[in-house]
Amino acid sequence: MEFSDVKTSYIEGEEFVRPTALANGTIDVSDLVTYDVDMSVGTHVVTGTYKDVSNTFEITVSPDSGEAETPDIPTDDISEKFSVKNKATSEAIEAVDGVYTITEIGEYDISGKLEEGQIVVNVPEPESLEEGEEDVVVLNLNETSISSTSGCPIHVIECRDVEISAKKGKNNYLYDHSSLKDETNDPYGAAIYVENGDLKLKGTGKLLCVSSNNNGIHGKDDVKIQKMNLMVKATNNGIKGNDSISIKEGAIIDIECGDDGLKTSNNSYSSKGKQKGNIEIIDGNITINSWADGIDAEYDVIIADTVTVVDEET
C-alpha cells in the first residue's frame with residue numbers, strides 16, 4: 001500500500017492537503033484514512049492508516065516570511081520605460097504609485113517593465129454604446145514585464161469582456177508574488193485575475209505567468225484561450241475558469257503547478273440555460289505537470305481528436 005498525490009512542501013499556516021488515494025493510487029479511500037499531522041515549522045513524518053495498514057512520508061513546513069521568492073525578471077528583451085497608451089484618449093488611464101487603472105472600454109497598448117505595479121481594469125457595463133462600439137477592453141502586450149508583491153499584475157475588477165493579446169513575435173511576463181490567498185481573501189491572488197467578466201487570451205506572441213503562492217490565471221466567469229503560446233507556473237491551480245475554459249485555434253500551453261492544471265468549479269446553468277463547468281479543448285498542444293489533477297472539470301471535459309494533451313506527474 002502506497003500513498004499517491006502527496007504534497008510534501010508547505011508554508012507556515014497553510015492547511016495540510018491529505019492524499020486522496022492509496023493502494024497504488026487506484027482506489028479513493030480518503031474518508032477511511034486517518035493522519036497524525038504536525039504542521040509546525042520543520043520536517044515531520046506523517047502517518048496514514050487504512051484499516052490495519054500504515055504508511056509514512058515526510059513533509060517540510062517552511063516559515064512564512066511574508067515575502068515570496070522572486071524569480072529573475074528578464075531584462076534583455078524588455079525596455080526599462082513602461083507605458084500604457086490608448087490612442088483615443090488619455091483620460092481613460094489613471095496612474096498612481098505604479099498602479100495603472102483603466103476606466104473606459106477601448107484598446108490599450110502596454111510595453112516596458114513595471115516592477116511593483118499593476119494594471120487594474122474597472123469598467124462597469126455602459127448604459128449605451130455608440131454605433132460599432134463594443135463593450136470590451138483589449139490589452140495589447142508588446143514586450144511587457146509586470147511584477148507585484150501586493151496584488152495581481154493584471155487585475156480586472158469589472159468588465160464585461162477583457163481580451164489580453166500577446167503581440168506577434170513578442171515575449172511578455174507577469175509575476176504575482178503576493179502572499180497566499182484563499183476563499184477568505186478578496187481578491188484572490190493570480191498573475192491574471194478577473195473578478196467580474198469574461199477573459200480571452202489571444203495573439204501569436206508568448207506570455208509567461210508566474211504565481212509564487214496562488215493560481216496562475218483565474219477568471220471567475222469564462223476563460224478562453226486561442227493561438228497564444230502560454231506558459232504558466234503556479235503553486236496552486238494553473239488556469240482556473242469558474243464557469244468554463246475553452247482552448248482552440250492552435251494554442252500552445254505549458255502548465256506547471258501545485259494543484260490542478262485546468263480547473264472549473266461551477267456546474268450551474270446560466271440565465272440563458274447554458275451548462276457551466278465545462279472544459280473544452282478544440283485545438284492545441286497542451287502539457288500539464290501538476291501535483292493534483294491535470295484536468296479537473298466541475299461538469300464535463302470535451303477534447304477534440306486533433307488535440308495533444310500530455311499530463312506529467314511532478
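What follows is a walk through the model, from the overall view to single residues.

**Before you click**

This is a predicted model, where local features need pLDDT of at least 70 and side-chain atom pairs count only at pLDDT 80 or more, while totals for chains, interfaces and linings use all residues. Residues are numbered from 1 along each chain as its sequence is written, and side-chain values use heavy atoms, with hydrogens and water left out.

**The whole thing**

Start with the cartoon view. The protein has 28 strands and zero helices; both are DSSP runs numbered from the N terminus, with helices being H or I of at least four residues and strands E of at least two. Of the 314 residues, 47% are buried. Buried here means under 20% relative accessible area, exposed means over 50%, and partly exposed is in between, using a 1.4 Å probe and protein chains only. Now think about contacts, meaning heavy atoms within 4.5 Å. Among those with a separation of 6 or more, 55% are between residues 24 or more positions apart.

**Stop 1: Val84**

Select Val84, in strand β5, which covers residues 83-85. Val84 has a relative accessible area of 11%, so it counts as buried. Leaving out neighbours within four places in sequence, its contacts are Ile93, Tyr100, Tyr108, Asp109, Ile110 and Ile119.

**Stop 2**

Next, pick Asp97, in the loop between β6 (93-96) and β7 (99-102). Its relative accessible area is 75%, so Asp97 is exposed. For background, most residues other than glycine have a negative phi.

Jump to Glu249 for another case: phi is near 55°, again a positive value in a residue other than glycine. Glu249 sits in the loop between β21 (244-248) and β22 (251-257), and with 38% relative accessible area it is partly exposed.

**Stop 3**

Select Leu207, which is in strand β16 and is buried at 2% relative accessibility. Glu143 is 64 residues away from Leu207 in sequence and 9.5 Å away in space, C-alpha to C-alpha.

Stay in β16 and move to Ser211, which is buried too, at 3% relative accessibility. A polar atom of the Ser211 side chain lies 3.2 Å from the backbone oxygen of Asn215. Show the residues Ser211 touches beyond four places in sequence, among them Asp176, Ala190 and Thr235.

Now step to Asn214, in the loop between β16 (206-211) and β17 (215-219). Is Asn214 buried or exposed? Its relative accessible area is 2%, so Asn214 is buried. Which side chain does the Asn214 side chain join in a polar contact? That would be Asp176, at 3.5 Å. (A polar contact is a pair of N or O atoms within 3.5 Å; within protein, one must be able to donate a hydrogen and the other to accept it, and residues adjacent in sequence count only if both atoms are side-chain atoms.) Beyond four places in sequence, Asn214 also touches others, including Ser178, Lys181, Gly189 and Asn237.

**Stop 3: Gly241**

Pick Gly241 in strand β20, residues 239-241. With a relative accessible area of 0%, Gly241 is buried. Leaving aside neighbours within four places, its contacts are Gly219, Asp221, Val223, Lys263, Thr264 and Ser265. Ile217 is 24 residues away from Gly241 in sequence and 8.2 Å away, C-alpha to C-alpha.

**Last stop: the cysteines**

Finish with Cys152, buried at 3% relative accessible area, and Cys159, buried at 1%. How many disulfides does the whole structure hold? The search finds zero, where a disulfide is a pair of cysteine sulfur atoms within 2.5 Å.
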